[in-house]
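Try each one before you read its solution.

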Number of protein chains: 2
Amino acid sequence: MTTGTLLLVPNTLDLGAETVDLQEVLPLGVLRRAAALTHWAAEDARSARALLKRIGAVVPLARPLQEIAIVELPRPRKGSREAVPAAEWQALLAPALAGHDLGLVSEAGLPAVADPGSALVAAAHRAGVPVQPLTGPSSLMLALAASGLEGQHFAFVGYLPQDAGARATRIRELEGVSRRLGQTQLLIETPYRNAAMLAALTATLAPATRLAVSCGLTLGAGWNRSGPVAEWRTKPQQMPERLPAVFSFLAG
Amino acid sequence: MTTGTLLLVPNTLDLGAETVDLQEVLPLGVLRRAAALTHWAAEDARSARALLKRIGAVVPLARPLQEIAIVELPRPRKGSREAVPAAEWQALLAPALAGHDLGLVSEAGLPAVADPGSALVAAAHRAGVPVQPLTGPSSLMLALAASGLEGQHFAFVGYLPQDAGARATRIRELEGVSRRLGQTQLLIETPYRNAAMLAALTATLAPATRLAVSCGLTLGAGWNRSGPVAEWRTKPQQMPERLPAVFSFLAG
């Protein structure tokens, strides 16, 4: 029997904050591929079903939603720092090994970028299951493009510490890396801490360092701002508490 | 008069190697926005016109192709390392300042990511021209997703030196960074040097370091492979000379 393919299916970036038209952010070909799948692995089954319902409104699904198999990615046990055993990831590949194409979808954007799906992709490579990534919105790359900062050298550093002192230390450390390597630093924050993160960046970075924020990417309420830290200090910016944001900076 | 918006319009990744259906890689909403634009800034005017011709076959262009204004991005004078003066970037924004939406397009993928367009985006922010990035394929993020390597911490390091000795030194340096930070390293190479780059990575990296190659992303002839360097050594991989590739690795 021929092995199915692991299809990396992008999700929207709206997270239910405001529903964008799928055809604004996903190619029709991707909607068609997704609508044809009967087996899925998902970061969250509920949001995967919500996406499938939206896709079905554009391209009819191959099967009724309740007949589509959606298995959630395993999570480390609460409080445990141990990785999920490789066998659990391998088990998720059963439909692909049985010949079905298998979709992987995360809660927003491209799966396996800034989310836990990469372990499933690694398991697919070990098991000889072909992997095919499909085009969709990447908040990190859209933010980088909109920042006007160095796009030929950049790093995504994930989340920063929540403790104010540790966060300031980390921001200074990353600014040093940015200066030494000419490397744009990209980071994200939980929406309700967006304002605290912007305040910390504005207070800690050097006045000449260029700072950019992309807020609510692909949404009608979205905006992009970029300029020297000195400018952010004189013209402060209100940050929404519910829209996701990407922060980036480049030492001046 | 209201200022126009600088729209960051994604291109395909096919570079003429093989023509993909636009609707496989670009959302219909993006095709519509692009078809409506009468002013463009482009990395290369010829490939911008080729893209517009393909877009026009899906969504009628607002004007005949020969009436659409396409201005190429300024380049540093040959042999000069001096940056292009800010005034030259500012001049490109004239249509936006006169109230027209202005498209920015590069030869492949998202503009201002791994290409020279970021200086125009920075000029737009300085001039108060709003910037809006549109969704399309990012070879770097598609390759990262398909690699199964660490997607929560990564860096794009551009091109490596061509000299074999300097390249090996740089590969070892990047492997050290990857090990210390748990950071996936992403890099690109000119297609006809793909085989030399893969040979250098395979020979230089430690056997347990995980190496991934995405070749011909979004193309029918495309493939993704990922695994420990030890495995690449025992099962070598033929690299095409004409398809673009993204290389990534994570120290084991």
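**Exercise 1.** Which residue in β7(B) is the bridge partner of Phe154(B)?

Solution. Keep in mind that you're looking at a predicted model. Start at Phe154(B) and step across to β7(B): the partner there is Thr184(B). Next, check the direction: strand β6 (residues 154–156) of chain B pairs with β7(B) in the parallel sense, over 3 bridges. Finally, follow the chain from β6(B) through helix α8 (residues 164–181) to β7(B), and you get a right-handed β-α-β crossover.

**Exercise 2.** Find which way β7(B) and strand β10 (residues 245–250) of chain B run.

Solution. The two strands run antiparallel and are joined by 5 bridges. To pick out one pair, go to Ile188(B), whose partner in β10(B) is Val246(B).

**Exercise 3.** Work out whether the faces of β7(B) are covered or open.

Solution. First, a general idea: side chains in a regular strand alternate between the two faces of the sheet. On one side of β7(B), Thr184(B), Leu186(B) and Ile188(B) are buried.

**Exercise 4.** Describe how chain B relates to chain A.

Solution. Turn chain B by 180 degrees, with a shift of 0.0 Å along the axis, and it lies on chain A with an RMSD of 0.0 Å. That's what a two-fold axis does. Now look at the interface: 100% of chain B's interface residues are also interface residues in chain A, so the copies meet through the same surface.

Definitions and conventions. Residues numbered from 1 in each chain as written. Chains lettered and ligands numbered in written order. Predicted model: local features only at pLDDT ≥ 70, side-chain atom pairs only at ≥ 80, totals over all residues. Heavy atoms only, no water. Least-squares fit on C-alpha atoms with pLDDT ≥ 70 in both. Contact = heavy atoms within 4.5 Å. Buried < 20%, exposed > 50% of the residue type's maximum accessible area, 1.4 Å probe, protein only. Helix = DSSP H or I, 4+ residues; strand = E, 2+ residues; numbered from the N terminus. Pairing = 2+ DSSP bridges. Right-handed = clockwise from strand over helix to strand, strands pointing away.
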